Each structure stands twice: as C-alpha cells, then as structure tokens.
Amino acid sequence: MARRLILVSNRVAVPDTEGSRTAGGLTVAIHAAQKLRDNVWFGWSGDVCESETPPPPTVIARGRRSFILQDLPATDYQEYYNGFANRVLWPIFHYRVDLAEFNTVELGGYLRVNRLFANALSSVVQPDDVVWVHDYHLVTFARELRALGVDLPMGFFLHIPCPPPDILLAMPQHAETLGALMQYDLVGLQTERDAANLGNYFEQSLGAVGRGNGVFERDGRRVQLRAFPVGIATNVYARAARCAARTQSVADLRDSLGDKQLILGVDRLDYTKGIPQRIQAFGHFLDRYPEWHEKVTLLQVTPKSRTEVREYAELEHEVSALVGTINGAHAAPAWTPIRYLNRSFSRGILAGMYRAAHVGLVTPLRDGMNLVAKEYVAAQDPDDPGVLILSQFAGASEGMQGALIVNPHEPDAVSDAIRTALDMKLAERQARWRPMFAYLQENDIDRWAEDFLGALMGTRQSGGFREGIWRLFSGGAAAAFMAQVFANR
Ligand code: F6P
C-alpha cells in the first residue's frame, strides 16, 4: 500500500464543489504534491473562533484528497500569525531586522499553535505516512509532532528566503525556534544561497556538524538541507495565457491602451516587494526620458495583505501618495502614467494581462523565488514576447538569465532597463525569452514536487527496498526519474 502524503501549511485551499480553487504560489506547489499520492492537507481554516479553547478540526473529503481545517482562537491568531510569524520571522528572513518586533508573548503563541496543530494531526497520521510541512509559520511543528512519539519521515520547505547567520542571530531565542528545524529529515530552500546560509547557521550557531552533501548532524539527529527552486505549471500557464488573451477583459485592457506600451507589476502589498522604489524608478524614467511621455503606461496590480500589521497599513498610504505625486506631475488629459489597482484578479485574467504586457517589472527588494516573474515569461507569445526586468534579489534570478537583471535600489539602473526593454527589437526579445521558457518547462512544479519527495524518502535509513533506491538516487535528475518511476499518479 502506497504511503499517504500529509501536507501541512498555514493556509489551506479547499476546492469548492465545482472543483475550482484559489491558486497562489503555495497552493500551486501543494497541488503538484497532491497529484503524487493519496493525501491529507492540514492547516488553519482561515477562521477565528470566539472561545479560548479551539474546537476539533473540520474534515472534508474530496476523493483521494482530504482537508483538515483547524480554527484558531483570537489570541492565538494574533500572537502566532500577526505576531511572531509576520512581525518577526517574515521581516528577519527577508533581511529586515529593522522591522522585526520581538516579544516573548508572541513567541509563546507561535509555539502554542505549532503544538496545537501537531496535537490535532497526531491522531490522524498512520504508520506509513510521509509528512511535508510548508513555510515559516511551522518551523517548530516537527519538534512538537516528534514529542508526541511520531517517527515518520518529515520534510519542510521554506518558501521565503533565508538570510546569513548574522541576521538570524538578531532574533532573540533564535536557537529555540530555528533549532527545531533539526527535527525534520529534509529542509528544502529556494536557492543554493539560501541553503548555504542555513547550513552556515547550523554549523556556526547551533553547533551542528556538516557531514557533506548538505547533511548536518547534532545530538544524534541528521537533517539534510538542499535547494529545490519552486517552479510553476509552465505548459498549463502558457495555455491559460493563450486563451485569456482572447477574453473581453484583456481586449478591453488593450483597447484602453491604444498604441501605448504596457509595463506590468503584480505584487501583494508587501514591503519586501519594493513597490515604492519601483514607482519612484518609473517616475525617474519619465523625468529622464520625456520622449516616452504618453507612449507608455505602468499598470501596478497590488492586492492588500496582512492589513492588521502596522507596516502594511503604512505602506498602503506611502504607495498611494507616490502614485498620486507622479501622476500629478506627469499626467496629460488623455494619459495616466500609472494605473494602480488594490485588488486581485483570477489567475486566468492575470495570465492574459501578462501576455498583453510589453514589459514585466518584477523588482522585489528580497524574495524567496517570485513566481510572478516565471508566470510572466510562461504567458508570453513566442512570436512577440515581452521583456522581463527582474531584481537580482529575487530567487528567480538564479535561473532566468534572459531577464534584464537590476538592483531595485538603483533608480538609474531600473529606469535604464525600462528604456532598454521598451526599445528592444523582436530578435533580441526572442533570444532572451526562449531559453527562459525552456528552463521553466524543464523545471516545472511537478518536477519540483517529485524531486522533494524523492529526496525526503531518501533521507530515511531503514525503510526497505523503496527507500534504499530513493537514497541511492537522491539528487537532481536521477531523483526526478526515480520519483516518476515510484510515484503513484
Ligand atoms: O511564502 C509566502 C506566503 O506565505 C505564501 O504562502 C503566500 O502566497 C503569501 O505569503 C500570502 O501570505 P498570507 O497567507 O499571510 O496572506
């Protein structure tokens, strides 16, 4: 009997009865993992309950997939989600020590919710299951589950960046929190740089001993660290973009632009995304290159997020004010340089917008991967592709050399890249786009899920023939091949 896959993440996307689903980056990633085996997806329901005692979780069955959803008491939600996860771990992992607001009460809430989740899941897991935990909300989860006597293979994937040890050390009680990562068998990170940073932290600050091949040992436990850059469902996305390009909303967008070129930015409203810096760089471009006035429009799509955290509310005011200032200075009666939208769009419509855009402007100050960059490339028309401008600080820059790579802190460089992109001839656009698209096809989200799961199975010493083979072949293309051989699809 095949092992079940137990997926754990803060948010859970339950498909509605028609089978549609909300599909952010993490959801697309987990969806790929769900295809590999029978599975359970466990996490927060998104609801906050009145009582201080959390109710038993809700179970929803959908064929070979089931979903287990846990409500959180208001205090837990505040301390765990708005508190330690998003006011300490999020800024620190994005190199923003200056924004971290540490307090022990919120750390307590974070540890408590990880324990609550582990307790709820301990009665669900079966002896042959494999557990795959996602993201910074659940760093201490494996420690809690192991404390309950669960000895299953457990993997963790960090969707956000990992900074060097000096930055991690700024977090009071870092060892109590991050040391819990040693309880996983495999920790996956987005890039080689992230994996090296965490390995250095393990050695320098936790006293773990490197055993080679990304394996670290402490107190008799071994954990392997490895980079698994998250991809997208490249061919599915390219098809969606082709279809979306024929929809009314995309036709309306094109009509509204006339012969103006479109630059597109799509980001959650988050200080890591570099939105004010991008708007300023676009203003700088308009100052330096007046010949582009009335010939180009920046469409910035920015759904609000985490509005209860102070920095996010402040950012909302800052960006609105900047957009107003630049539009006020440059607009003409028939031209608004920046269109700023605080709302989200379906993935289909977004794919159509990407395809309609001459330039994808993706300039985060720090980002684990940035799937907008990958989706923008996948959505392009091969006969007339647009140009990607990409921050050197996005994980995606490691595999996307065809982009114009910029330092988002340098307005001159970003505004020059905008001009280069707008002027770029078809032959160069195609020459840049083709290898990026091939890379995305080769390294898509299915391969990512197979690679991770293959490597996780390979970390276990005693598990019979299948694990032995996984171990033998763990790593890169061989792991992907063996994953395909063994995965129950
Ligand atoms: O990895 C970053 C992440 O947690 C993603 O899972 C998700 O797309 C995004 O942040 C949304 O954050 P939140 O769940 O706080 O709205």
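**Ligand contacts and the sheet**

Author: Let's start with Arg306: an N or O atom in its side chain sits 2.8 Å from an oxygen atom of the ligand. This is a predicted model, where local features need pLDDT of at least 70 and side-chain atom pairs pLDDT 80 or more, while totals for chains, interfaces and linings use all residues. Residues are numbered from 1 along each chain as its sequence is written, and side-chain values use heavy atoms, leaving out hydrogens and water.

Reader: How do you know how much of the ligand the protein buries?

Author: Taken alone, the ligand exposes 390 Å², and the protein buries 77% of that. The areas come from the Shrake-Rupley method with a 1.4 Å probe.

Reader: Why are E1 and E5 called paired strands?

Author: Strands are DSSP runs of E, at least two residues, numbered from the N terminus, and two of them pair if DSSP finds at least two bridges between them. E1 (residues 5-11) and E5 (residues 130-134) share five bridges in the parallel sense, so they pair. Leu7 stands opposite Trp132 in E5.

Reader: What makes E3 and E8 edge strands?

Author: The open sheet of ten strands runs E3-E4-E2-E1-E5-E6-E7-E10-E9-E8, with mixed pairing. E3 (58-62) and E8 (209-212) each have a single partner strand, so one side of each is left without a neighbour in the sheet.

Key. Helices (H or I, at least four residues) and strands (E, at least two) are DSSP runs, numbered from the N terminus. A polar contact is a pair of N or O atoms within 3.5 Å; within protein, one must be able to donate a hydrogen and the other to accept it, and residues adjacent in sequence count only if both atoms are side-chain atoms.
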